[in-house]
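Please look through the sequence and the model shown here before reading on.

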Amino acid sequence: MGTRDISIRIKEIETEIGQIKDIRFSVGRLAQETWDEPQGPTPFPSITALRDWDLTLLKRYKPFYLPFCDLCCLCTFGKCDLTGDKKGACGITMPAQQSRIVLLAACIGAATHTSHARELVTHLITEFGEDERLDPGGLNIKVEAPITRLVCGVKPETLGDLEQVLDYAEQQITSLLACTHTGQEGNPLDLESKVFHTGMIDHLSMEVADIAQVSAYHLPKADPDAPLIDIGFGTVDTTKPVILVIGHNVPPAVEIMDYMQENDLVGTIEVTGICCTGIDMTRYSQKAKIIGPISWQIRYVRSGIPDIIVVDEQCIRTDILDEARALQIPVIATSEKNCLGLPNRTGDRSDAIIDDLVSGRTDGAFILNPEMVGEIAVRTAMRMRPKHKKKKGSILSPDEAIEEAKRCTQCRECRRACPNDLHISDAMRAFGRNDPTMLAEIYDACVGCIKCEQACTQDIPIHSLIIIAAGEKLKNEAFRLRAGRGAIQDIEIRQVGGPIVLGEIPGIVAFVGCANYPGGGHELAEMAIEFANRRFIICTSGCAAMTIGMYRDEDGRSPYEIYPGNFEAGGMVNVGSCVSNAHISGAAVKIASIFARRNLRGNYEEIADYVYNRVGAVGVAWGAMSQKAASIAAGFWRLGIPVIVGPHGTKYRRMLLGRSDHDDDWYVNDARTGEQVYVGPVPEHLFIAVETKEEAMVMIAKLSMRPNDTSRGRALKLTHYIDLHRRLLGSMPTDIHRFVRLEADIPITMKEDIVAILKEKDWRETVIPDPTLIQKKEGSS
Amino acid sequence: MSQDAWLTAEVAGPKKASLITKPEIADAMIRRAKRPIFIVGSIAAEIDLEEKKLIDYIILMARRCSIQVVATANTNSEFLKRNFTPDAVMPAVDIGNRLTDPTWQGVDGKGPHDLAIFVGLPYQMAWTILSGLKNFAPNLKTISLDNVYQPNARWSFSNISVKNWIMNLEAILGNREA
């Protein structure tokens with residue numbers, strides 16, 4: 001990369017104020033004097049610096065393209081029909097076009113996190129100064145920024161140090177986005193390599209964002225005992241004024257809580273959040289409450305409970321102002337990326353803005369000063385509360401809702417718009433006969449997209465009817481979620497590093513991503529519980545973390561109340577919001593650094609090779625929906641961490657699938673002997689969509705196997721895989737012979753069955769190598 | 001009968017499925033195929049077709065027409081409950097990927113499949129996988145036997161009623177000896 005580092009040293013200077021000696025100052029440069037780790041081969045890698053590594057992975061995991069559109073309509077030559085082997089006017093093929101769109105999506109995702117990080121860091125520097133020390137974990141964390149160290153080869157120490165990292169990220173994203181222009185990259189695998197690079201940049205920016213906010217706002221610092229906080233509709237005291245905050249960038253929410261604190265208003269107002277701002281503000285204050293993930297927006301707004309809505313950025317419904325207007329709820333937009341068409345009132349007096357919002361003279365205001373937002377949101381909510389007098393349960397009464405249902409003509413256009421093919425029209429018919437049961441069941445699987453309403457030929461507010469039918473369920477949504485703890489402690493890594501690398505902790509499962517679930521959020525919680533009981537380490541973040549919290553066992557406890565928050569076997573570790581995902585990839589990287597003592601500094605390929613061959617981590621984005629989810633996944637892929645998505649995930653247009661039947665694909669180099677050794681398809685896929693929760697669970701167990709597993713570890717992992725396959729898919733798996741390397745790998749309790757299969761498959765013993773995919777360059781020692 | 005996707009927004013590209021307007025079309029496709037294969041998704045065991053489930057029709061058809069069966073997801077359990085053992089169990093995208101490989105010798109290793117019959121998968125998952133096959137498996141014919149139009153198959157029913165669907169499946173079965 002080009003560098004902007006400037007370092008100037010002046011021995012002596014005469015000025016009007018006198019003589020100054022020995023001045024030294026730097027611009028765009030991080031202090032590195034305290035870090036003696038040698039620099040690796042790829043600090044600040046360019047978009048092709050890691051291409052060989054990417055192509056090594058892509059040789060095993062070839063793209064299986066699932067075109068979601070047969071056309072290209074990105075330039076005026078088009079639309080071009082790319083079906084089959086046709087080329088577009090620019091010469092592009094269907095595979096390249098699919099990879100190009102994946103790259104575009106990943107760029108959108110990475111740009112979003114990077115922009116978020118930039119806005120946050122700039123704000124925090126303004127507030128706390130550029131010399132504010134980074135402290136994501138106190139004495140428990142020495143490797144404060146593993147992804148930054150790994151990718152950039154620098155060790156940031158202050159908020160100001162993060163700016164250079166973001167300079168690099170922004171430069172890379174610009175170049176990556178340029179690759180999608182007509183007449184640029186046209187080779188599918190080169191485009192895929194750039195997707196991986198985008199993902200790596202995404203994790204870098206996420207790390208920057210989270211360590212900055214954890215440090216400056218004193219969010220939980222790698223704390224396994226982060227407090228349990230309230231989540232769910234039913235936790236809100238509707239007799240108090242209620243503020244709703246939606247989005248991802250927490251400063252306005254922080255200012256709301258600070259204003260309440262400074263004015264002795266804590267406890268008199270409910271501050272509620274949806275999506276990641278909800279998560280991050282509960283990391284700041286235990287008094288704040290989360291309503292739910294992204295899909296709770298419409299149902300909560302239409303409940304009429306919020307007295308004011310404050311939106312920042314990302315994953316906010318673009319029609320939020322329309323929804324709020326229908327209930328006369330004022331809206332404050334706080335991000336330049338999401339102005340909502342509202343007038344910029346940043347320069348106006350607070351009193352005037354509040355008067356306008358309360359009187360209804362304006363629907364909302366665009367205010368770029370978070371501190372001002374804090375005051376205005378609180379004071380407006382307090383004045384709006386009497387106006388909203390009696391809190392409505394909904395915009396319709398139950399009787400009105402039934403009358404609406406009776407207007408349904410059974411045209412089924414609602415069902416034909418529903419992404420989950422829910423039987424809405426049947427439920428409407430029943431509701432019209434005063435039977436809410438079916439509609440209430442639909443609530444559980446509804447993703448809140450309201451496409452049903454858009455399709456309705458009778459303009460029936462279908463989603464509102466679903467909410468009314470499920471009224472009791474909503475009221476009972478009161479759960480406990482462990483606040484996002486941030487990073488994983490170095491000592492935790494030391495304790496579990498060995499068992500993970502040897503396979504004796506069967507794996508790390510990260511439940512991440514959005515809430516576009518195929519069959520309701522309970523499936524995600526059930527998966528997390530299953531694997532926590534199997535002593536995997538469970539990590540959660542963002543909407544997935546919230547969804548898992550919105551589940552209770554027979555004793556009424558949420559998973560976060562059942563399992564400890566430690567990064568250990570059987571732990572349920574909520575790292576925090578979307579940007580906290582970097583702590584999950586960071587934990588994998590820290591295993592290589594802290595446990596295996598590999599150099600991190602600018603040493604991406606070696607560390608990724610280590611993680612790929614040794615760390616049995618699997619990402620599960622069951623409800624992945626967004627472009628950010630695409631870039632987050634891509635960041636895991638480049639580290640060799642497989643990702644499983646739900647059935648909607650096929651709409652990401654391509655999978656990265658291994659072929660277990662191609663033996664030649666599954667050889668590694670044995671670093672001890674230099675020999676090539678067959679290790680079986682571990683992990684078999686890098687990106688795969690599965691159909692059901694049951695299939696996902698079997699896949700998680702399967703993809704947790706790694707070449708480095710000891711026999712004890714492999715036997716344990718095979719036990720989970722076989723047990724789940726038998727229980728959930730009904731039979732023994734037929735590919736066991738591919739995963740057994742030595743007789744000692746065979747789980748003792750299943751020996752008889754497995755030996756019979758091995759005989760039938762003409763299985764032969766092999767060896768357990770010291771695995772690596774990196775070919776030693778000629779002449780290197 | 002129309003060629004409208006069941007999910008209204010899932011419009012197809014320029015190349016879209018021909019309609020199976022009568023059961024003889026599907027029957028003829030199966031008869032002509034040398035190496036047909038069923039890809040059966042999890043919903044097959046949930047769909048009621050009067051006194052039977054969809055999966056029961058698949059089993060009858062597979063037996064009578066000698067069609068190999070790949071069970072995706074947990075469909076395998078439902079087959080086994082009915083004393084039917086599928087030829088393979090694998091994720092839908094995995095079998096889809098293999099079908100694009102002209103050198104793949106099929107689930108029994110005896111040669112490439114020439115006809116893939118999709119049924120019982122989530123609609124959009126079948127839509128995308130069939131799109132992959134439409135574009136990257138030029139020698140493979142595909143049929144969707146669900147009662148909703150799948151534009152990316154080579155042949156598909158229109159959006160038909162359950163009654164009509166049963167009639168079609170019965171007619172295909174009726175042409176074969178029990």
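## Basis of the model

This is a predicted model, in which local features need pLDDT of at least 70 and side-chain atom pairs count only at pLDDT 80 or more, while totals for chains, interfaces and linings use all residues. Residues are numbered from 1 along each chain as its sequence is written, chains are lettered from A and ligands numbered from 1 in the order in which they are written, and side-chain values use heavy atoms, with hydrogens and water left out.

Helices (H or I, at least four residues) and strands (E, at least two) are DSSP runs, numbered from the N terminus.

## Helix 6 of chain A

Helix 6 of chain A, made of residues 251–262, has twelve residues and reaches 16 Å from its first C-alpha to its last, close to the 16 Å expected at 1.5 Å a residue; the expected span is 1.5 Å times one less than the number of residues. Asp264(A), which follows this helix, has a positive phi near 60°.

Residues are called buried under 20% relative accessible area, exposed over 50%, and partly exposed in between, using a 1.4 Å probe and protein chains only. Ten of the twelve residues of helix 6 of chain A are buried, so the helix is largely enclosed by the rest of the structure. Among the buried residues are Pro251(A), Val254(A), Ile256(A) and Tyr259(A), and the charged residues Glu255(A) and Asp258(A) are also on that list.

## Strands and their pairing

In chain A, eight strands form an open sheet with mixed pairing, in the order 3-19-22-18-17-14-15-16. Its edges are strand 3 (62–65) and strand 16 (572–576) of chain A, each of which pairs on one side only; two strands pair if DSSP finds at least two bridges between them. From one strand to the next the twist averages 25°, with axes taken as lines fitted to C-alpha atoms, for helices over the stretch in contact, and angles running from 0 to 180 degrees between N-to-C directions. Strand 15 (residues 537–541) of chain A pairs with strand 16 of chain A in the parallel sense over four bridges, and Ser541(A) has Gly576(A) as its bridge partner in strand 16.

Strand 20 (residues 667–670) of chain A runs antiparallel to strand 21 (residues 676–678) of chain A, to which three bridges join it. Two bridges join strand 20 of chain A to strand 23 (residues 771–772) of chain A, again in an antiparallel arrangement. Asn669(A) stands opposite Gln676(A) in strand 21 of chain A and opposite Thr772(A) in strand 23 of chain A. The hairpin of strands 20 and 21 of chain A has five residues between the strands, and Gly674(A) takes a positive phi near 80° there.

## Charged pairs

Asp230(A) is partly exposed, with a relative accessible area of 24%, and Arg480(A) is partly exposed at 30%.

Arg325(A) and Asp322(A) form a salt bridge at 3.1 Å between the closest N and O atoms; both lie in helix 9 (residues 320–326) of chain A, three residues apart, about one turn of the helix.

## A buried histidine

His720(A) lies in helix 27 (residues 711–729) of chain A and counts as buried, at 9% relative accessibility. Leaving aside neighbours within four places in sequence, His720(A) is in contact (heavy atoms within 4.5 Å) with Pro506(A), Arg534(A), Phe536(A) and Ala701(A).

## Backbone features

A cis peptide bond joins Gly78(A) and Lys79(A), with omega about 10°, and Lys79(A) is found in the loop between strand 4 (71–72) and strand 5 (80–81) of chain A. Another cis peptide bond joins Val682(A) and Pro683(A), with omega about -15°.

Key:
Salt bridge = Lys/Arg side-chain N within 4 Å of Asp/Glu carboxyl O.
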